[in-house]
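Please read the questions below with the sequence and the model side by side. Try each one before reading on.

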Amino acid sequence: MSQLNMMSAAVLDRPLSIGVKQVPIPEPKPDEALIQVYCIGICGSDVHYYEHGRIGRYEVKEPLILGHELAGVVVKTGEKVTNVAVGDRVAVEPGVTCGRCSYCKSGRYNLCPDVVFMATPPVDGAWAEYVAVRSDFLFRLPDEMSFEEGALLEPLSVGLHAVRRGRIRPEDRVFVLGLGPIGLLAIEAAKMSGASQVYGSDVVEYRRNLALQMGASGVINPLEEDVTDRLYELTGGQGIDLIIETSGNAGAISDSIGYVNRGGRIVFVGLPTRDAIPLDIGALVDAELDVFGVFRYANTYPAAIQMLQNKDSRIRDIITHRFSLDQIEEAVELARTQKDTSVKVMIYPHPTA
């Protein structure tokens, strides 16, 4: 194959072994567009596949390209594509669903059993110079929106879906447990959705400080403070209406029932390391709590783009490190080993972009 038809991509061969290789540039199908990737994030799932080679039932059995948080430019379109054109700057929603099942037709397409999600074995992701995507999962970026903000629409969508699932109201006092990228962007989503106060909790000082920088009303160190007492103090005794649990910590999940007001709502986003976690069902029933799970997101990209246009946003503050694609091994190792000082690591396959 001619070198003109090849591109650089970061390929995971086995756990802890990744390198940049030459692979064929994908040819878009009639309903797809070819995207030149300008900016793509490292997600916690990417790090987990890199470190362990599997997440649940999904196992890396053959070389895999990771990465699914991206934005870029349309460079080629299939003959059936009408919603985007060559030269358009776009964000990419990385889960392509069937569009025909009952979940898709009811609007909950994130539950589609036939979804093809980037960087979920055996489907390749986009740590590469180019990627082909079905065009209805591409969203044009406003001129004033950067590629970095476009790439962050993916993790922001998780936060936005979480606050929507929790039926957020403008008067709500919200408490976010875990201040990694999803937790920090859940704070941003809650603020953009009109929450009156948003608080955060994390054991890492750097992340607590970043939450304050991004506009959190207050933060808590659960290792050094009584969370219930501190929430009472922070809210002037009014308490918390909505909890977004992103840490996946078993203790935080169990304790969340005691942090929220009677009649309140809890949204579980973070995946725990074990399946069975004790919950005080008596307390849950007595307080008539609503409990929701979150799996990715649905119908969030247009709303997220609109919200970012209309409000002062600090979402780029979560980007702590930037690397070229050639530095992928260094970038992933940093994301894996320096969690106290890194939040979102970004990769730039085209550094001049």
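Q: How many residues of domain 1 are in contact with 12 residues of domain 2?
A: Contact means heavy atoms within 4.5 Å. By that rule, the residues of domain 2 in contact number 12, and those of domain 1 number 11.

Q: What kind of model is this, and how are residues numbered?
A: This is a predicted model, in which local features need pLDDT of at least 70 and side-chain atom pairs count only at pLDDT 80 or more, while totals for chains, interfaces and linings use all residues. Side-chain values use heavy atoms, with hydrogens and water left out, and residues are numbered from 1 along each chain as its sequence is written.

Q: What area do domain 1 and domain 2 bury between them, and which three residues of domain 1 supply 53% of its part?
A: The bounds, from an automatic or database domain assignment, are 6–146 + 316–348 for domain 1 and 159–293 for domain 2. Buried area is the accessible area (1.4 Å probe) that two parts lose on being put together, summed over both; here it is about 890 Å², with 61% on carbon and sulfur atoms. More than any other three residues, supplying 53% of the area that domain 1 buries against domain 2, are Asp317, Ile318 and Val343.

Q: How far apart are the centres of domain 1 and domain 2?
A: The centres are taken over C-alpha atoms. Their separation is 29 Å.

Q: Which residues of strand 13 lie on each side, and are they buried or exposed?
A: Strands (E, at least two residues) and helices (H or I, at least four) are DSSP runs, numbered from the N terminus; strand 13 covers residues 173–177. In a regular strand the side chains alternate between the two faces of the sheet. Arg173, Phe175 and Leu177 are on one side, and Val174 and Val176 on the other. Buried means under 20% relative accessible area, exposed over 50%, and partly exposed in between (1.4 Å probe, protein chains only); on both sides these residues are buried.

Q: Which residue of strand 14 is the bridge partner of Leu177?
A: Two strands pair if DSSP finds at least two bridges between them. Strand 13 and strand 14 (residues 197–201) pair in the parallel sense over five bridges. The partner of Leu177 is Ser201.

Q: Which residue of strand 16 stands opposite Val176?
A: Strand 13 also pairs with strand 16 (residues 240–245), in the parallel sense over four bridges. Opposite Val176 stands Ile244.

Q: What is the strand order in the open sheet of three strands?
A: Its pairing is antiparallel, and strand 1 (residues 6–14) pairs with strand 2 over eight bridges. Strand 2 (17–24) and strand 6 (64–65) are the edge strands, each pairing on one side only. The order is 2-1-6.

Q: Is Thr97 buried or exposed?
A: Thr97 is in the loop between strand 9 (95–96) and helix 2 (102–105). Not counting residues up to four places away in sequence, Thr97 touches Cys104, Tyr109, Cys112, Val115, Arg134 and Phe137. Because its relative accessible area is 6%, Thr97 is classed as buried.

Q: Is Val285 buried or exposed?
A: Val285 lies in helix 8 (residues 281–286). Its relative accessible area is 58%, so Val285 is classed as exposed.
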